[in-house]
Amino acid sequence: MEERCTIEEVTARNIKAFEAKIFRELKILKSELSEMKISYAALSDRCQDIQKENAALRITVSSLQEAHATQLSRVAAELEDRRRRRKNIILTGLIERTAPTPKRRAEIDRNDVFQSLTNICPTVETDDLRHVSRLDDKTENRNRAVKVTLSSPELASKILCRGRRQPSPTVKVLNDRTPAQQLELETLRRELATRQAAGHHLTIRYTAAATINISFLYTNIATLMTKFDQLEIEVTQKKPTIVVITETWLRDDIPDTLVNIPGVKKGGGVMFYVLNNLDGANISATPLVHLQEPRLEALWLKITIRDLTFVVAGIYRPPTKTYSVTPTDTLLFEVLRRVGGTKTPTFIFGDFNFPDTTWEHGLPQSPREVDKAFIEALLDSNLEQLIREPTRHRGVQTPSILDFVLTNEPQLLSSPKLHPAIGGSDHQDRIPFFKLDYSTISARIPDRLPPPMEDLIQTYDDFTESLTSLLREAAPPSRRVCRKRPLKPWVTNDILSNITKKKRLWEVYKRTKTPAAYQNYRAHSNSLSNIIRLARKQYETEIAAKGGKLLYAYLSRASTSHSPVPNAMKKGDLEITNPSDIAELFADTFAEVYTTEPSGPLPSLGYPPQDDHLSDIDFSVRDVEEVLRSFDSSACSGPDGIPSVVLKNCAETLAPFLHTLFRQSLDKGTIPENWRRATITPIFKKGSRHLASNYRPISLTSATCKVLERLLAKEILEFALQKGIIPPQQHGFVPGRSISSNMLLCLDDWAKAVDSGIPVDIVYLDFSKAFDKVPQRRLLQKLHHLEIRGKLLAWIEAYMRRLRVGFPGALFLVPCFLTFTHPTCTCEQHPSTRHTRMKIYGNPLTHGDSIQQDLDNLALWSHDWMIPLNPGKCTVLHLGMKKNPHRVYHLGNLALAPVTSQVDLGIIVSDDLKWDLQTTAVVKKTNSFLYRVRKAVVEVDIPLLRNVLTTYVLPMVEYGSTVLATYLQKDIKALEGILRRALMIPRTLKSLPYEERLRRLGLQSLADRRLFADLTETYRILHGMYRASDLQRIFLRSTSQRGHNLRLNVSRFKTQHLEYHLGNRVISTWNSLPASIAQAPSIDVFKASLHRHLFGSTR
């Protein structure tokens, strides 16, 4: 019982506790509900307030709109009133005479006004006074102002300008201001008076609503080439919009590439540099006038930035010994008068050489007659000279103002600031891919690669995003640098600090004006020039030791000119300046080139299909890795942003994933979208740079897709070679065949024919933009007929599906297409290496009709297969002048033009089979390159010269040397002279004999190098290293058992063409080689042994 009561008591206590808890929670809820009601009431009040504010804002906006419309109408009316008043001037102080009638009083006022204006400006005529009237009502003892309406605003501006500079003691010339202008002027005057009374200094600045900040840098540089480095540093630091330079002392033989500053465009002997764009706006610079008189040079440019247009001029007037005005001076002064009265803002910078003119006290003065004529021209124009400090300081001579800045809009220019002279003139967020740790990245790639999915496009997008994210994470943190990085890598902090010190010394001289300060400035200026020269020389020595692409990048500036696309392009009669419109113009122009195939049946092929077929390719992970490792690290990335250097350095870890991706793409016939895209860069060819048709497109495609393309190209090419699809005459795009094999076979036929007295006609044919005009349906039909089917053909079709034009990435198919489809010729024909060209040749006496039949078949094939020929580049070369009938051949209805020489694979072939034209072209090209190298570097020393010769010059000279039968002594001496002159460039080698100079550089003479190249080519041919088996016919094999078993005999010849052909000129040296060299197991062993045999050392 006691236990039961205890349980009931416990239960009762629990119930009471539970009830108490419930009451507490209810009380809390009630309190929260009360707070919510209060909040709700507050929110309701706030909503009502917001509604009232919204209504008030609507009323305010409506009022503002009405006020804005009213203000716009007022501004328009004010602008129109100001435009009308530009022809008016106001004359005050003109005596008001009495007259019997108002008409007579008006005539007297008109005569008085004309007399007063002719005193100010003698060129005013009676007809220039359109209307003359007195202002306000007539009163006693006060001469009313006269309002004069003139014939033009320019005349009014001219009178106002001269009236301000030559004020009359009685009559004053004023602007005809509108009431608003008068009110603004009175307000400014009251503010000025108030502040002056308070002892304040008032500066009034006029500002525009939309401002374009434009900066000018002008200098008289006195020899640009010796001070170009310092000029480039100055431009890099100050970033001026326009640079004007006089006294450049440039010559016609100095190429523009030596005075290029990246990011700006230049022009003129009086030189301009104009920034390409300013704050995202393109800058258009159009030459207006170029005066080049014996005693004057001037260049005028019209500059357009957005809606702002102004004229900039650079003028150099040499000093003269006479004080009289020359005809050239008269021309210059007349030009200044003309441009000063124009509405367009004009800024003239130049060295006028008027040292005796003083500018310190208002009106310029000078005792010389020519100076007075110049001052008169300035007064007649609306130009104002802004320079008031001396600009020339030379030793103990009196400083003088030789350099002027003239403008008709002085309020647009701030006060010019004089800086120290340049040189010694007495005028004044990207990923650093090459810095990444690829070992760490390769270790982290497997964890970041996306898992394989059915959706190939999504898989590739995830892969691209993951790899890019990993590269950004691995990139070293970028350090913010306060100063701007100079353009030149050899500009050190020491040089920059010395430039700053030079500026400080200049400021000291400007303050003190003492000879000692000037001497300190000049001494430091000369020292700075030496410091810059030594720093540049040290950098050039370092890159010469490294060689390779670093040296190429440094010298390319001297050897080539990379001109950007102009800011203005032409489309018919229209001028396009908007960048997006220019891009669309290029896109439309390039699209017009491509072939649009009509619907309907395709042409028949005319021969049975292949027995075997190629439906798929088999490649391993190792194959993918080998292709990745073969990539060029410096190649640009495609639209997906994955650079080749990443694929190359991470090949081992990326190869398995890419192998799976490629396999999936081939099996499903699916292509990621980025593989179909390309970044197009227009490359200028020739003609006008303002026409889009004079550019050719260069496509940058995905580097990842290029891996699969190379795998496909290899398999397709091997299949075509095994099945004999590619004819033996095709030397382009075929391994084991080259320029040498093509030209050796052709020249062997031509030389033997001419030696036998047989004429030869060579027809050169050129396909018009063949890579761009490949028709897709016909290509697919051809591949299907050649038994390229199944997954491989489906993948190729998927690649080309949705392509609007051409083959931005499938160029590996184009050589196959061209070689698969050209018709069989009855005469000898050779498609050219590397080019979309071919040549057909034969005896015109016996095969002339066959050549014409081949041309007819080729024209018909070109029409059916939509690969057009370019008739303007199709020519005929007649060999054997005495017996050649000079037959006329036709391509369709067009007669082919006969030529006396033709460039064949970079080699100039003439109708007499001599090589003087080729030699002249090589000498000119190499001499020009060496000249630019000498101008591009401070000093050419031996390491730099060795790299330049072996990398650039010798490949130019020895191009096709095994093909050329250079036997004339004048040609041999001309080629050898290239090397002789090049070895004279270093000062340490000038006094040495030619053989010693060669030894110092570790080189051989060109004659020895040609012999080495001939023997190496002979080894390749005799050992079957060329795929062209018929190439061995140029040699006559010997049956002699003496020496090695590859001995040769000399072929019979009558002419020097055949005597010095490779098949004859190399025989004696080849036969004298030891068997260990002639029968060497590999080409590398042969070269090393031959070099030791001929020159006594290995290479």
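Helices here are DSSP runs (H or I) of at least four residues, numbered from the N terminus, and in this sense N742 has its place in helix α19, which covers residues 739-755. The model is predicted, with an average pLDDT of 79 across the protein and 84% of the residues scoring at least 70.

**Confidence**

- Among the elements of the protein, strand β23 (residues 875-879) has the highest mean pLDDT, at 93, whereas strand β7 (residues 264-267) has the lowest, at 44.
- Over residues 478-486 pLDDT stays under 50, and the model has seven contacts for this stretch beyond four places in sequence.
- Residues 804-809 also stay under 50 in pLDDT, and for them the model has 21 contacts beyond four places in sequence.
- Where pLDDT is low, the predicted coordinates should not be read in detail.

**Helix α9**

- Helix α9 runs over residues 456-474, and because its 19 residues at 1.5 Å a residue should span 27 Å, the separation of 27 Å between its end C-alpha atoms agrees with expectation.
- The buried residues of α9 are L456, T459, Y460, F463, T464, L467, L470 and L471; seen down the helix axis they fall within an arc of 135°, so they line one face of α9.
- An α-helix has 3.6 residues a turn, so residues three or four places apart point the same way.
- On the face of α9 turned away from the buried side are the exposed residues E465 and R472.
- At the start of α9, the backbone nitrogen of I457 is reached to within 3.2 Å by a side-chain oxygen of D455.

**Strand β1 and its partners**

- Strand β1 (residues 88-92) is mostly covered, with four of its five residues buried.
- With strand β3 (residues 146-150), β1 pairs in the antiparallel sense over four bridges, and in this pairing I90 stands opposite K147 of β3.
- With strand β4 (residues 172-175), β1 likewise pairs in the antiparallel sense over four bridges, and here L91 stands opposite V173 of β4.

**Two buried asparagines**

- N742 counts as buried because its relative accessible area is 0%, which is under the 20% cut-off, and its side chain makes a polar contact with the side chain of K839 at 2.8 Å.
- N1064 lies in helix α30 (residues 1062-1065) and is likewise buried, because its relative accessible area of 8% also falls under 20%.
- A polar atom of the N1064 side chain lies 2.9 Å from the backbone oxygen of L1058, and L1058 is also one of the residues in contact with N1064 when neighbours within four places in sequence are left aside, the others being V1050, S1051, F1053 and E1059.
- N1064 and L1036 are 28 residues apart in sequence, while their C-alpha atoms are 8.9 Å apart in space.

- R130 is found in strand β2 (residues 129-134) and counts as exposed because its relative accessibility is 54%, which is over the 50% cut-off.
- Not counting residues up to four places away in sequence, R130 touches T149, L150 and S151.
- Of these contacts, S151 is 21 residues from R130 in sequence and 6.2 Å from R130 in space, C-alpha to C-alpha.

Note on methods:
Residues are numbered from 1 along each chain as its sequence is written. This is a predicted model: local features need pLDDT of at least 70, side-chain atom pairs count only at pLDDT 80 or more; totals for chains, interfaces and linings use all residues. Side-chain values use heavy atoms; hydrogens and water are left out. Helices (H or I, at least four residues) and strands (E, at least two) are DSSP runs, numbered from the N terminus. Buried means under 20% relative accessible area, exposed over 50%, partly exposed in between (1.4 Å probe, protein chains only). Contact means heavy atoms within 4.5 Å. A polar contact is a pair of N or O atoms within 3.5 Å; within protein, one must be able to donate a hydrogen and the other to accept it, and residues adjacent in sequence count only if both atoms are side-chain atoms. The expected span of a helix is 1.5 Å times one less than its number of residues. The arc is that of the directions from the helix axis to the C-beta atoms. Two strands pair if DSSP finds at least two bridges between them. pLDDT is the predictor's confidence in each residue, from 0 to 100.
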